[in-house]
Amino acid sequence: LLAQGVVPIAPYNPRNTDDPLDIDYRVEDRIDEHAEDISLKQSVLDETYEHRTQVERTNEACKDCGLGHVLARGRVHARTQVFVALCLRVIVAVTNYEQGDNPGRTKLKTL
């Protein structure tokens, strides 16, 4: 990300240096270094980080449920991918139930 000029909204860890910066997020230092006329509101950074955390929790929940990794970029595409994966899970559960197999199985029973 850094090579492409993208800095994630991630907390700054002051323990990794002898001279810690007075910032909350790493992106603040990059903005100060490379842009003179840009300022960031702390509330916007906090809100953005909260959204990032929600996305990571959703990704982890998808993996825990056996839906795999969400590889789509963007909120709309990711929601679509998760929706289609959930529909597929329902189809597999109903089919397994109708065939007399455990609906919790993640694969269809081979005939």
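Guide: Ser-39 sits in the loop that joins H1 to H2. This is a predicted model: local features need pLDDT of at least 70, side-chain atom pairs count only at pLDDT 80 or more, and totals for chains, interfaces and linings use all residues. Residues are numbered from 1 along each chain as its sequence is written, and side-chain values use heavy atoms, with hydrogens and water left out.

Is Ser-39 buried or exposed? Ser-39 is exposed, because its relative accessible area is 68%. The cut-offs are these: buried is under 20% relative accessible area, exposed is over 50%, and partly exposed lies in between, with a 1.4 Å probe and protein chains only. From Ser-39, look back to Glu-28. Eleven residues separate the two in sequence, and their C-alpha atoms are 8.6 Å apart.

Glu-28 belongs to H1, which covers residues 26–34. A helix here is a DSSP run of H or I with at least four residues, a strand is a run of E with at least two, and both are numbered from the N terminus. Val-27, Glu-28 and Ile-31 are the buried residues of H1. Seen down the axis of H1, these buried residues fall within an arc of 105°, so they line one face of the helix. The arc is taken from the directions that run from the helix axis to the C-beta atoms. An α-helix has 3.6 residues a turn, so residues three or four places apart point the same way. Turned away from the buried side of H1 are the exposed residues Asp-32 and His-34.

What do the buried residues of H1 pack against? Their partner is H2, residues 42–64. Contact means heavy atoms within 4.5 Å. H2 has 23 residues, which should span 33 Å at 1.5 Å a residue; its end C-alpha atoms are 33 Å apart, so the two agree. The expected span is 1.5 Å times one less than the number of residues. Buried in H2 are Leu-45, Thr-53 and Cys-62. The buried residues of H2 pack against both H1 and H3.

Now follow H2 to Val-55. Val-55 is partly exposed, because its relative accessible area is 48%. Arg-75 is 20 residues away along the chain, yet the two C-alpha atoms are 9.1 Å apart.

The largest pocket holds about 420 Å³ of space. Fourteen residues line it, and Val-55, Asn-59, Gly-74, Arg-75 and Ala-78 are the closest to its centre. H2 and H3 are the elements that give two or more residues to this lining. H2 gives the most, with six. A pocket is an open set of points on a 1 Å grid over the protein atoms alone, where a 1.4 Å probe fits, with protein on both sides within 12 Å along at least five of seven lines; lining residues have an atom within 4 Å of a point. Points are joined across faces, edges and corners, and the volume is the space filled by probe spheres set on them.

H3 covers residues 75–98. H3 has 24 residues and reaches 35 Å from its first C-alpha to its last, close to the 34 Å expected. Ala-78, Val-82, Val-92 and Asn-96 are buried in H3. The buried residues of H3 pack against H2. After H3 comes Gly-100, with a positive phi near 80°.

Step back to the whole chain. It has three helices and zero strands. Of its 111 residues, 17% count as buried.
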